[in-house]
Amino acid sequence: MSKINKIAVLTSGGDAPGMNAAIRAVVRTATYHDLHVFGISQGYHGMISGQINRLERKDVGNIIQRGGTILKTARSMEFMTKEGRQQAYDSLQDFGIQGLVAIGGNGTYTGANIFTEEFDFPIIGVPGTIDNDIYGTDFSIGFDTAVNTAIEAVDKIRDTADSHSRLFFIEVMGRHSGFIALYTGIGSGAGNIFLPETDGNIEELISVLKKEGRRKKLFNLVIVAEGNTNGGAVEIANIVKKELPNFDTKVTVIGHLQRGGSPTANDRMLASTLGYAAVDSLLRGERGKAVGVQNGKIVLTDFAEAISKENELNKDHMNMARILAM
Ligand code: F6P
């Protein structure tokens, strides 16, 4: 195997706070090892259209604290086609790039898995998504910041809910994964949490709210993951309103606020560790794998395994959430 001396880095899928810290770690680790680094703009889309530029150490200064991604991101349909991937490969060849670090979520890994096999091209994945649904790592970059943002928002809603004695349904992100909802619910002391992984029992919620009404508990906060099977916060609030018309019910959708902002200390640490580990892995000849941290240790998981499994919610956390809300 010939020694790698030119690598590229891209961010793909939904952005996540800490992606910049990961890009910085990739560039700084690679330049330390005398590699040339290229940044690909707009993920796989930019790889196809040749939006590739040299990144030096100084180009990644003053970005560790910034949310979003300096490389921009995209979800590319073209990369799902053989022709698109061939063009992407040709672009990499034009620049003499011999290895790639792909920062993103499951969609990013799926694309990387096909590409790495099709062209026998070394790729290492780095988990970057606020959803925390990626198998092979305890946490993905951006999750901690998103949860902190959501909890800060819920704390503020709690003040006004308390003052006006209102019932609030607060929707957080997570189409397929309840990590943000569960952690936000526990961390903000919410009365009930609706996840995508469980149906959530609206009848039970209504009966609890009736009892609480009799006990003169005057406000309540319910966290709803956008992917709950009953619908989002609006739909659940409408069902409850029909049964409890006397409750002063409000809905807040936190939405994309959760995707932005300066990364927390945990996300900066995780992103730096994983960016560093990704370059180290490429240099050791690893390919077709994603880096992650499990129980404090850096681990590698084959893309095929990572995309066929999910990071699952901890059942104890789900029980604990119920008990603490009683
Ligand atoms: O995957 C991250 C995520 O923020 C999900 O939680 C959410 O469902 C989705 O992206 C939203 O995607 P978009 O920004 O494309 O609307």
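A polar contact is a pair of N or O atoms within 3.5 Å; within protein, one must be able to donate a hydrogen and the other to accept it, and residues adjacent in sequence count only if both atoms are side-chain atoms. Keep that rule at hand for this predicted model, where local features need pLDDT of at least 70, side-chain atom pairs count only at pLDDT 80 or more, and totals for chains, interfaces and linings use all residues. Residues are numbered from 1 along each chain as its sequence is written, and side-chain values use heavy atoms, with hydrogens and water left out.

First, colour domain 1 (6-142 + 263-308) and domain 2 (143-259) separately; these bounds come from an automatic or database domain assignment.

Now show the interface. Ten residue pairs, both at pLDDT 80 or more, are in polar contact across it.

Next, select arginine 259 and aspartate 15: they form a salt bridge, with the closest N and O atoms 2.7 Å apart. The rule here asks for a side-chain nitrogen of Lys or Arg within 4 Å of a carboxyl oxygen of Asp or Glu.

Finally, centre on glycine 292 in strand β10 (residues 289-294), strands being DSSP runs of E, at least two residues.

Terms used: Helix = DSSP H or I, 4+ residues; strand = E, 2+ residues; numbered from the N terminus.
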